[in-house]
Amino acid sequence: RAGVDTAARLSRSAIPVLLLGETGTGKELVARLIHQGGPRRDRPLISVNCAAIPSQLVESTLFGHERGAFTGAVQQHKGAFESAEGGTILLDEVGELPPPAQSALLRVLETKRITRVGSTREIDIDIRVVAATHRDLEAMCHAGAFRFDLLYRLNAMTVELPPLRSRREDIAPLAARFLAAANETSPAPLRGIEPEAMVLLRAYAWPGNVRELRNTIERAVAIAQGDVL
């Protein structure tokens with residue numbers, strides 16, 4: 001709940017935010033709350049999973065490229081930063097960025113300009129940056145795997161999200177939220193969750209955190225018999 005309350009306060013500012021927590025603790029959910037609660041809510045929120053991008057395509061994915069910039073670049077491409085203009089970009093698993101991309105990202109944060117791969121023209125951007133990771137970035141800096149100056153740019157405000165097993169009071173409201181979301185696409189919506197089922201939900205350790213809880217509720221809605229979970 002502390003992370004959600006902090007997100008509500010941070011939504012009014014434009015400073016970069018670094019979200020820390022185990023995989024599945026709801027970092028993307030908090031990023032969405034930050035975006036939706038602020039003045040940029042009507043502009044895009046672009047989420048980029050830095051761990052899923054091949055190293056040779058990171059800068060193109062983030063900053064775009066010009067036609068012919070490299071083999072396979074058959075047309076001009078806007079990157080995630082340009083696509084998020086006026087809104088927010090979420091750099092999920094930012095600790096997985098390779099060193100060249102870290103340097104390029106630092107320059108973008110400092111100048112508020114991007115340069116597409118294969119171009120020398122700088123493009124002004126106006127976006128809110130939210131980064132997220134399950135890694136210990138400070139330890140990575142000491143090991144030489146992450147730039148200290150980039151860390152200091154990203155962590156103007158740091159929000160630590162504890163694992164779900166450490167905040168069991170959030171299980172009931174989260175389960176209710178996920179049930180409502182699952183009901184929107186279910187041909188047989190459920191009225192609620194039985195007390196006995198909630199006891200089981202509260203007792204479980206949730207090693208997969210918020211993501212596991214959401215998946216569990218979605219699966220239960222899909223296979224439920226009757227109108228109560």
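Q: How many aromatic pairs does the structure hold?

A: This is a predicted model, and it holds 3 aromatic pairs. As a general idea, a pair of aromatic rings is described by the distance of the centres and the angle of the planes. Take Phe63 and Phe81: their ring centres are 5.3 Å apart and the planes meet at 45°, so this pair is tilted.

Q: Which parts does the pair of Phe63 and Phe81 tie together?

A: Phe63 belongs to helix 3 and Phe81 to helix 4, so the pair links parts that are 18 residues apart in sequence. Phe63 is buried, with a relative accessible area of 4%, and Phe81 is buried too, at 0%.

Q: What kind of aromatic pair do Tyr204 and Trp206 form?

A: Theirs is edge-to-face, with 4.6 Å from centre to centre and 85° between the planes. Tyr204 is partly exposed, with a relative accessible area of 37%, whereas Trp206 is buried, at 2%.

Q: Now for the inside of the protein. How many residues does the largest nonpolar core have?

A: Here is the general idea: in soluble globular proteins, nonpolar side chains tend to be buried together. In this model the largest nonpolar core has 33 residues, and Phe81, Ile89 and Leu91 have the most contacts inside it. Among the elements that give two or more residues to this core are helix 3 (58-63), helix 4 (80-83) and strand 3 (88-92). Helix 5 gives the most, with 6 residues. There is also a second, separate core of 17 residues, which includes Ile171, Leu174, Leu179 and Met198.

Q: Which residues does Leu91 touch?

A: Leaving out residues up to four places away in sequence, the contacts of Leu91 include Val48, Cys50, Leu62, Phe81 and Leu105. Val129, Val130, Ala131 and Ala132 are also touched by Leu91.

Q: Is Glu82 buried or exposed?

A: A residue counts as buried under 20% relative accessible area. Glu82 has 13%, so Glu82 is buried. You will find Glu82 in helix 4. Beyond residues up to four places away in sequence, Glu82 touches Phe63, Ile114, Arg116 and Ile123.

Q: Where is the place of Ile123?

A: Ile123 sits in strand 5, residues 122-124. Ile123 is buried as well, with a relative accessible area of 14%. Again not counting residues up to four places away in sequence, Ile123 touches Glu82, Lys112, Arg113, Ile114 and Arg116.

Technical notes: Residues are numbered from 1 along each chain as its sequence is written. This is a predicted model: local features need pLDDT of at least 70, side-chain atom pairs count only at pLDDT 80 or more; totals for chains, interfaces and linings use all residues. Side-chain values use heavy atoms; hydrogens and water are left out. A nonpolar core is a set of buried Ala, Val, Leu, Ile, Met, Phe, Trp, Tyr and Cys residues joined through side-chain atoms within 4.5 Å. Buried means under 20% relative accessible area, exposed over 50%, partly exposed in between (1.4 Å probe, protein chains only). Helices (H or I, at least four residues) and strands (E, at least two) are DSSP runs, numbered from the N terminus. Contact means heavy atoms within 4.5 Å. Rings of Phe, Tyr and Trp (its six-membered ring) pair if their centres lie within 6.5 Å; planes under 30 degrees apart count as stacked, over 60 as edge-to-face and the rest as tilted.
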